[in-house]
Amino acid sequence: MQQYTYALDGWEDRSGHRLAWKFGYRGTVGEFGRIEVVYPASRHGDRHVTEVKGDTVPATSFMGWAYGRKPSLYIAELNVGGAGVRLKRNRWAQTRAGRALRMQVAGREYRYLATSARHRDRALVRNGVEIRTRRHGSGARKKATLTVLGPADATDLALAAVMCGVNTRNLTRGGAVRAFFSRSLNWLDIFH
């Protein structure tokens, strides 16, 4: 099986008011050319949007309830090449495979799942293709690594890249518990 590894470098634009700050990843992904991930590309009330653009990848966006600077899986919407994509997941599942985010894009079934207990290791899987993503570092040293196994196409890479700009802690039980307590404390803060 063919395997390729690509690195996307982190970037930040902290100009203007802090609500206008942008973050993300950018780099060249072999024959697919340049890819750029931007979060939050825009804000809609309490929801943030992460966008992916590139030379050959379809324009892809993910909108969800804001968790820090990134959208979360809560009340999420995915759009690939102008078409809305239905997202499904079992938030009560006990295993990482059971908690996977499931979607159907261009007639293909995908699963996006945690590959370790850490929130930085994920994989996008479809029949015959797997793209492992790993985020590491912080600030100016932040990077996202995409390891492609199998004959991936531009849609596969766009989906894997957009998920690098989404808070996916809820794909593990421990991450879901931490997210619950964080949301609860934020909710209690409203009453002060």
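Buried means under 20% relative accessible area, exposed means over 50%, and partly exposed lies in between, with a 1.4 Å probe and protein chains only.

## Basis of the model

This is a predicted model: local features need pLDDT of at least 70, side-chain atom pairs count only at pLDDT 80 or more, and totals for chains, interfaces and linings use all residues. Residues are numbered from 1 along each chain as its sequence is written, and side-chain values use heavy atoms, with hydrogens and water left out.

## Overall make-up

The protein has two helices and 14 strands; helices (H or I, at least four residues) and strands (E, at least two) are DSSP runs, numbered from the N terminus. Of its 192 residues, 44% count as buried.

A contact means heavy atoms within 4.5 Å. Among contacts with a separation of 6 or more, 39% are between residues 24 or more positions apart.

## Nonpolar core

In soluble globular proteins, nonpolar side chains tend to be buried together. A nonpolar core is a set of buried Ala, Val, Leu, Ile, Met, Phe, Trp, Tyr and Cys residues joined through side-chain atoms within 4.5 Å. The largest one here has 40 residues, and those with the most contacts inside it are Leu78, Met103, Ile131, Leu157, Leu159 and Met163. Helix α1 (residues 154-163) gives the most to this core, with eight residues.

Apart from neighbours within four places in sequence, Met163 is in contact with Phe62, Leu73, Leu101, Tyr112 and Thr168.

Side chains alternate along strand β13 (residues 129-136).

Two strands pair if DSSP finds at least two bridges between them. Strand β12 (residues 121-126) runs antiparallel to β13 and is joined to it by six bridges; one pairs Val125 with Glu130 of β13. The two strands form a hairpin with two residues between them, and Gly128 in the turn has a positive phi of about 85°. On β13 and strand β14 (residues 143-149), also antiparallel, there are seven bridges, and Arg134 has Thr145 of β14 as its bridge partner. The hairpin of β13 and β14 has six residues between the strands, with Gly137 at a positive phi near 80°.

## Salt bridges

Side chains of opposite charge can pair when their charged atoms come close. A salt bridge is a side-chain nitrogen of Lys or Arg within 4 Å of a carboxyl oxygen of Asp or Glu, and the whole structure has 10. One of them joins Lys143 and Asp9 (2.3 Å, N to O). Lys143 lies in β14 and Asp9 in strand β1 (residues 3-13), so the pair ties together parts that are 134 residues apart in sequence.

Glu36 forms another with Arg26, the closest N and O atoms being 2.6 Å apart. Glu36 is partly exposed at 27% relative accessibility, and Arg26 is partly exposed at 31%. Arg126 and Asp156 also meet in a salt bridge (2.8 Å, N to O), and both are buried. They belong to a network of salt bridges that links Arg108, Arg126, Asp153 and Asp156.
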